[in-house]
Amino acid sequence: MKQFSFNLLLLVSLIMFSCRKTSPSLNSSNLSIPLGTITADVDGISTDFSTNSIADTATEFFDFWYNSFRISVIGYQPNSNNKIEIRLLKVPAQPISAGIYPDLDSLIPTYPYLFYTKNNFLYKNDGYDPYVSKIKIVSIDSTIKGVFSGGVIITEDSTNRQTISHNITNGKFYVTIQK
């Protein structure tokens, strides 16, 4: 009986721990970075996107009935055209505040998007499970500060081979919002 109980406990533990899904970490407790900084680990490699880093906002046409409010945080790798864009879109148009996105529980949803351009190929979270990407805004006024993570994908590479994806983790940003 003891052996059966032990085996049952072992089996239940194995099932519980192997089925647990991990969501991207949005730890902002150690977010002490200089203004003008965007960094992230791309496939486990620490990457700096702080060149020409800015944030901009716009109210844009969304569909037949609504406009949307968009804020984009954009930065480039030094000496490269590789860039990252962290975008939040709120429909209908209203200001975006500090919080964790996607905020699908809100009456006015806010959607997170990640775009990563590498070697002139655009990777985005659109073809990926869109809610794997997470963005946390810690503060927003004339600057925006926060953390982000998620997966990005393209459907084919230059030789029409297979789908290529990148995993972006430990993302941090702190930039000035352009008026």
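Which residues does F173 touch, not counting residues up to four places away in sequence? In this predicted model, the contacts of F173 (heavy atoms within 4.5 Å) are I33, T37, I38, V73, I86, I135, K136, I144, K145, G146, V147 and F148. Local features need pLDDT of at least 70 and side-chain atom pairs count only at pLDDT 80 or more, while totals for chains, interfaces and linings use all residues. Residues are numbered from 1 along each chain as its sequence is written, and side-chain values use heavy atoms, with hydrogens and water left out.

F173 sits in strand β11, where strands are DSSP runs of E of at least two residues, numbered from the N terminus. F173 counts as buried because its relative accessibility is 1%; buried means under 20% relative accessible area, exposed over 50% and partly exposed in between, with a 1.4 Å probe and protein chains only. Although F173 and V73 are 100 residues apart along the chain, their C-alpha atoms are separated by 7.9 Å.

Beyond four places in sequence, I144 touches A55, I71, V73, I137, S139, F173, Y174, V175 and I177.

Y66, in the loop between β3 (51-61) and β4, is partly exposed because its relative accessible area is 41%.

Conventions:
Helices (H or I, at least four residues) and strands (E, at least two) are DSSP runs, numbered from the N terminus.
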